[in-house]
Amino acid sequence: MKRDRSAITPLTILTPIRPGEKRELEAYVAQLPRDEDSPFRRLSSTHFARWVIIDRLASDYAGAPFPVQPLRMSYLLFTSTFNGPVGEYVEELRVRLGAEADAVWGHCVNYPGRHRPGPFRRYLLHNRVPVHMWYSAYDATVTEVRAAVDLRRRHIELARLVQELDDDKDLQRAFVEEFGG
Amino acid sequence: MTEPRTSADMHGRAHAITILSQIKPLWTLFNRLNFAVTRLFPSVMGIRQLSMLYFARWSVLRSIPYNGQPQVRDRLTHPLLIFEDHYNGLPEPYIEAFVRVLPRQIWSTWTSSYGYVGTRSVTTFTRQIGKLTLPGAYFYSAYPEATVRMIQAAFAVEREHRFLVEAARTNSPRDFAVVYRGFLTRRQGDL
């Protein structure tokens, strides 16, 4: 895996939820906005982020291990896909996720809070789950993806527009007006 | 049918699926070998053929980190395989495409897990995946309206864009028209 600053990196963190706080955590996470107001929008290197609550191991299927050993705790699984090194991203989580980081991981056992940078970093890294295999369909930053998608949209619009132009001069003028040149 | 999944598994066109299975005794060695071979020879994964997939990750969890009281230690009788991926499209067509395009990858991922049912029957496999899937609590995509195909097409367009701008600046209208129409022909599948 590449380790340059723009390389896409997966991070997985599994933290134990404090007994009796699972529902409150679930309710809080469920009401977080996702579009423009998502707290992850403030972490500009984040492609995808996800929280999942693990409170049981499936056992209701053929071939499940026997005897079933239920989990004694519930856990919060956090996964993120971002550009850059893990250490810098954890600091981004602390600074930019900010109050939401406290509101979410504050329901987890012995979370130290974002106002203590060292313990915050150590806590998340202590609970990090290694990613043994990883696939990425592309290697780019969020800004690069958004810019390319926007450029493609503009090209589609221009292609529609110039379909009706017969004069090469008009075609070149339309292109220059849209994209410069 | 997979169990109904919450909207917390989707954001715009992007979906997420997290699958947690228990690994049979000694089979973590197989997983380790599979991961090592795939890291050395990524093309054996063959996963690039699945054009709906943004990202995927595989983790084997042997023990759960301990953080002190009041955490109660959960000693895992069987290691856990955590598989998560992000894709565009609907869950069932996606799983069906996965089965049709990558049966070998499915086998190498889950043959080590309890209850692996194979891929002969898409329905049985999909039902099994439904049992092992964890519902999401929250899912965010930085570009929810962009599919993988759109993103890859956008990069293909972008690679030619700078030459078009240069051609618009330096070529005569007639020559530019030839260059531009050539671009439209080459990239018609990306626009």
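Mentor: Let us start with domains, whose bounds come from an automatic or database domain assignment. The model is predicted. In chain B, domain 1 covers 7-134 and domain 2 covers 148-186. The centres of these two domains of chain B, taken over C-alpha atoms, are separated by 40 Å.

Trainee: How many residues of chain B are in contact with chain A?

Mentor: In general, the size of an interface is often given as the accessible area lost when the parts come together. Here it can be described by contacts: 68 residues of chain B are in contact with 69 residues of chain A. Several elements of chain B give two or more residues to this side, including β2 (14-22), α1 (28-40) and α6 (173-186). The element that gives the most is α5(B), with 13 residues. By type, the residues on this side of chain B divide into 43 nonpolar, 17 polar and 8 charged.

Trainee: Which strand of chain A is joined by bridges to β6(B)?

Mentor: Strand β2 (residues 46-54) of chain A is joined to β6(B) by 5 bridges, and the two run antiparallel. Within this pairing, S141(B) in β6(B) is the bridge partner of F48(A).

Trainee: Which residues of helix α1 (residues 22-30) of chain A are buried, and which are exposed on the face turned away?

Mentor: The buried residues of α1(A) are L25(A), E26(A) and V29(A). They lie on the same side of α1(A), because they cover an arc of only 100° around the axis. The opposite face, turned away from the buried side, carries the exposed residues R23(A) and A27(A). The buried residues of α1(A) pack against β2, β3 (75-83) and α3 (99-105) of chain A, together with β6 of chain B.

Methods:
Residues numbered from 1 in each chain as written. Chains lettered and ligands numbered in written order. Predicted model: local features only at pLDDT ≥ 70, side-chain atom pairs only at ≥ 80, totals over all residues. Contact = placed C-beta atoms within 7 Å. Helix = DSSP H or I, 4+ residues; strand = E, 2+ residues; numbered from the N terminus. Nonpolar A, V, L, I, M, F, W, Y, C, P; charged D, E, K, R; others polar. Pairing = 2+ DSSP bridges. Buried ≥ 20, exposed ≤ 12 C-beta atoms within 10 Å, placed from the backbone. Arc of directions from axis to C-beta.
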